[in-house]
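Please read the following report alongside the sequence and the three-dimensional model.

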Amino acid sequence: KTKELDYEVTTLPSVPTSVEVKSEPSKPPVSSVVIVGSEARQSAVKNQSNPVKYETNPSSKKKKEATSEGSGWALSDSDDDDVKVETVDDLPKQEPQRSRAKKPKVQNERPPSPHGRLYYIDEPDDFFESCVPRLNDTYRFYLNKVTGLDRKYNSGALHIRDVLSPLFGTLKESAQFNYCFDIAWMVKQYPSEFRDRPVLIVHGDKREAKARLLQQAQPFPHVSFCQAKLDIAFGTHHTKMMLLWYEEGFRVVILTSNLIRADWYQKTQGMWMSPLFPRLPEGCSASTGDSPTHFKRDLLEYLSSYRAAELDVWIQRIKEHDLSETRVYLIASTPGRYVGSDMERWGHLRLRKLLYDHTKPIPGDEKWPVVGQFSSIGSMGLDKTKWLEGEFQRTMTTLGKASHRPSPPMQLVHCSLPFRSPTGGSLPYSIQTAQKQLWLHSYFHRWKADSTGRSHAMPHIKTYMRASPDFSELAWFLVTSANLSKAAWGALEKNNTQIMVRSYELGVLFVPSAFNMETFPVDKNPFPCSSSVSGFPVPFDLPPTCYSPKDQPWIWNIPYNQAPDTHGNIWVPS
């Protein structure tokens, strides 16, 4: 039986697989990383940050030096990016590769990018903390800042340094839940006055990967760890959340970015930032201070699912704070097999339950399409009835307690050729999976985000929504860590009497009724931010454009060397 993998990959320098990364003498040391996974994945990840320039003579093997055109985009290799893929014991073991003598580097032999050998360019002085969001923002949904954009497209967006800024509170302690970590980089993102405050890292690493993570933290005695239990094969700890405890109160941030620089640099990411939750008076019960969306109850239940003593202090802190201002619903996945009423606690059945209870049928809703956008795709079966239509689409098309569920269009936004960049390995849709589900490609639509200035910023964000036929309104909106996969969302088993979930995931659902609205108006021009706009800031352009007959989905582990991409590069994963 084919197993499913659901993980993400990030930009990485070109290095041998399963070998500690050594920095060049002229560059600062970097964290050691190891690449685990199929041979094809290893090859693609190694090459994604060394874009090969397109040549008109295909027989030439030489990679030309390119010149900068002053676009502001840094599209090259880096010795600072880290990659981490979950170690999976069930993967077939491969013969160790024979060591090969390193070829001496020849200047100009493999020019990395229009900007030279350094992948990153420095952000301007006013890039960080330049536009702190209004504290009374209606939705509290933000995009990440993207280096190289026109300033207006970062107005109201947030960088991790903004999130951790003293402007949001006097930090006492924090917990970072995530999938990929660069601990040295993460520590530098905290303001200097908070840089020695305790940080708990919640991760899913095991064995060698865990040892490397612990080694990263040796210079930082204020960093401690909590290992998430992953008892089902091929599951990952994919949740991305910050718990921030201040002298003034408590805050929750649920986001889509890993804790590595590449994810906060030139990718499209998103986050929900809670209000500052005040402390409750002494003697209040644990259930006091919950919101109409039961966010406090559900967050406590999610943290309890880890069964980890390291989280007990955070559970107690949440109980002591007033979360009643929260307007979003929490949607989580946690590994396990669930039956009875527990089936509706996690994964896509949790989303189905919330849509059933808290939305209303809309006249003509059979014409309201479901739009899904993600960075990774899992195996979904030989045809659409196996999971996508039989389970997932049924969940996504739920609107209230209507007895009849129409089958509206489902539009899946996935990057197509020629959109590519050195971050192409962060879109891990493999040729092996794609060939087994060619039927899926008829659902694909292009990534285009001119309204947010992010058409060329690789979408690592994951969003799902139900839109009106003219795309001016939304029936609901979800931002989450969950990609399009059974591992993330869960799959029914035993004649639909049980659901099996492999991974930890976390997201927030925006429902109009929680905001005293019938529907969300779509903000067609969310940048620069304005206090007078009440529309929802969708990260990409609506309506999505369907693939043309000539469009192909981005497949990350095959070469593209017949024509250049939007940045003048070709992709050679070998």
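## Annotated histidines

His 238 lies in the loop between β5 (223-227) and β6 (241-246), where helices (H or I, at least four residues) and strands (E, at least two) are DSSP runs, numbered from the N terminus. This is a predicted model, in which local features need pLDDT of at least 70 and side-chain atom pairs count only at pLDDT 80 or more, while totals for chains, interfaces and linings use all residues. Residues are numbered from 1 along each chain as its sequence is written, and side-chain values use heavy atoms, with hydrogens and water left out.

His 238 is buried, with a relative accessible area of 1%; buried means under 20% relative accessible area, exposed over 50%, and partly exposed in between (1.4 Å probe, protein chains only). His 460 is found in the loop between β15 (458-459) and β16 (463-467), and at 0% relative accessibility His 460 also counts as buried. For "active site", an unreviewed UniProt entry lists His 238 and His 460. They span 223 residues in sequence, yet no two of their C-alpha atoms are more than 12.8 Å apart, so they gather at one spot. The UniProt positions are given in the numbering used here, feature names are shortened, and the annotations may be inferred rather than shown by experiment.

## The chain and its sheet

The protein chain has 10 helices and 22 strands, and buried residues make up 60% of its 574 residues. Of the contacts in the chain with a separation of 6 or more, 79% are between residues 24 or more positions apart, a contact being heavy atoms within 4.5 Å.

The pairing of β4 with β5 is parallel and extends over 5 bridges, and within it Val 199 has Val 223 in β5 as its bridge partner.

## Helices on the sheet

Which residues of helix α6 (residues 312-319) are buried? They are Trp 314, Ile 315, Arg 317 and Ile 318. Seen down the axis of α6, these buried residues fall within an arc of 160°, so they line one face of the helix; the arc is that of the directions from the helix axis to the C-beta atoms. The buried residues of α6 pack against β3 (171-177), β4 (199-203), β6, β7 (250-255) and α5.

## Charged pairs

Side chains of opposite charge can pair when their charged atoms come close. The structure holds 16 salt bridges, each defined as a side-chain nitrogen of Lys or Arg within 4 Å of a carboxyl oxygen of Asp or Glu.

| Arg 197 | Asp 196 | 3.9 Å |

Arg 345 lies in the loop between β11 (336-339) and α7 (347-358) and Glu 301 in helix α5 (residues 295-304), so the pair ties together parts that are 44 residues apart in sequence. Arg 345 is partly exposed at 28% relative accessible area, and Glu 301 is likewise partly exposed at 28%.

Arg 297 is partly exposed at 44%, whereas its partner Asp 298 is buried at 6%; a network of salt bridges links Arg 297, Asp 298 and Arg 350. In the remaining listed pair, Arg 197 is partly exposed at 26% and Asp 196 is exposed at 56%.

Lys 353 has its place in helix α7 and is partly exposed, with a relative accessible area of 31%. Lys 353 and Gly 400 are 47 residues apart in sequence, with their C-alpha atoms 9.3 Å apart in space.

Notes
Two strands pair if DSSP finds at least two bridges between them.
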